Amino acid sequence: YRSPLVSRYASPEMGFNFSERKKFGTWRRLWLYLAQAEKSLGLPITDEQIQEMEANLDNIDFKMAAEEEKKLRHDVMAHVHTFAHCCPKAAAIIHLGATSCYVGDNTDLIVLRDGFNLLLPKLARVISRLADFAEKYADLPTLGFTHYQPAQLTTVGKRCCLWIQDLCMDLRNLERARDDLRFRGVKGTTGTQASFLQLFEGDHSKVEELDRLVTAKAGFKRAYMVTGQTYSRKVDIEVLSVLASLGASIHKICTDIRLLANLKEIEEPFEKDQIGSSAMPYKRNPMRSERCCSLARHLMTLVLDPLQTASVQWFERTLDDSANRRVCLAEAFLTADIILSTLQNISEGLVVYPKVIARRIRQELPFMATENIIMAMVKAGGNRQDCHEKIRVLSQQAAAVVKQEGGDNDFIDRVRADSYFSPIHKQLESLLDPSSFIGRAPQQ
């Protein structure tokens, strides 16, 4: 079995970010950073040992590591032994003073940071493509919907700006979550740094400097001031919360597109040889938007995992976080990566059908124009209450034609045929101009 997140959908770069090679290569780099920092602070580590580690960072014997883990039942020690095997001179100082979470948790934080760095440009590209679309259609009137019932007109571009605004909030949230990430650093088995204090013979300043040096080498500006054995699992909640929120935004956007496709007003791209249905050759299903909605639902549910994990971490740490985190962290980023790439593809090829949009406006606009007609009649000397009653009767007659007979909305024809409205007959065309019903939508 292979997860379809990787085998079908995710980008190679995000797949690599959560790969074994990235993970264990990062472990080796963290062991190198630790040895370099310990050496610079006076521990008896030689240049030769450092050089040997540097030369073997990516020389990983995965078969040997698997055999060691099967024997030891401990993934970190299996890779300590595997690294030591190709670095015999450095073997004695690899992982010196560290606990498993030194490589495990710090690698996770690096991978989370790098994952955000992969997502952010993709999200920015989607915003950029939608911004181009919004500007192109800023002035095109379209029927608005509240409760999925016809409402006041808006424009195609203004509606797109609702999507963009949500995605801009997501962009801010992802940047904030990335920038809030800190390094676990060099904290020891229960977070007290006791092993390092012993290595440096009680010199607290050297332990603090060791933490600072390793944090900087890993590309972080700050480390968490206190940890248990692990960094607080609330960090994972913050990370997956912003990704779940992104999932909600994309689900809403793609649901709107699916509904508009049903109305035949807007469609997602459809390839020349694409098949919409194996049974119905004419179909053009919004399958990309449906895929986004499907995966966004999965992304939104994943935040429940770190919520529960954080709530049941006992004291300094329990290991029931580990297997869960292997699944939920990777799947969240892989899923976010997929739906962003798919939404970019959609946003680059949205097809708009202005004549269909105009036809639907013509069907609904007559009723919306009633207030304008009343105001014009009053200006021409009519009585507001009399006019209101006339329009009420005519609009109900027109509604009966639409609903009971399946005919077109003939309200305006009835107004034209009624001599009561003769003072404004010449104004009807201007009173029914869709652009007069869109308010400040283009400016917004």
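Ala, Val, Leu, Ile, Met, Phe, Trp, Tyr, Cys and Pro count here as nonpolar, Asp, Glu, Lys and Arg as charged, and the others, Gly among them, as polar. By these classes, the largest cavity is lined by four nonpolar, one polar and three charged residues. The model examined is predicted.

A search of the whole structure returned one cavity of 30 Å³ or more. The space within the largest cavity is about 50 Å³. Its lining consists of A261, E267, E268, P269, F270, R284, N285 and P286.

The largest pocket has a volume of about 1,100 Å³. Its lining comprises 38 residues, and K23, D75, D108, S322 and R326 are the closest to the pocket centre. Two or more lining residues come from each of α1 (4-9), α3 (20-40), α6 (75-86), α7 (100-136) and α14. Helix α14 gives the largest share, nine residues. By class, the lining of the largest pocket divides into 16 nonpolar, nine polar and 13 charged residues.

V312 sits in the loop between α13 (304-311) and α14 (322-348). The relative accessible area of V312 is 35%, so this residue is partly exposed. Patch residues must have over 30% relative accessible area, a cut-off that the 35% of V312 passes.

Definitions and conventions: Residues are numbered from 1 along each chain as its sequence is written. This is a predicted model: local features need pLDDT of at least 70, side-chain atom pairs count only at pLDDT 80 or more; totals for chains, interfaces and linings use all residues. Side-chain values use heavy atoms; hydrogens and water are left out. Helices (H or I, at least four residues) and strands (E, at least two) are DSSP runs, numbered from the N terminus. Buried means under 20% relative accessible area, exposed over 50%, partly exposed in between (1.4 Å probe, protein chains only). On a 1 Å grid over the protein atoms alone, a cavity is a set of points where a 1.4 Å probe fits but cannot get out, and a pocket is an open set with protein on both sides within 12 Å along at least five of seven lines; lining residues have an atom within 4 Å of a point. Grid points are joined across faces, edges and corners, and a volume is the space filled by probe spheres set on the points.
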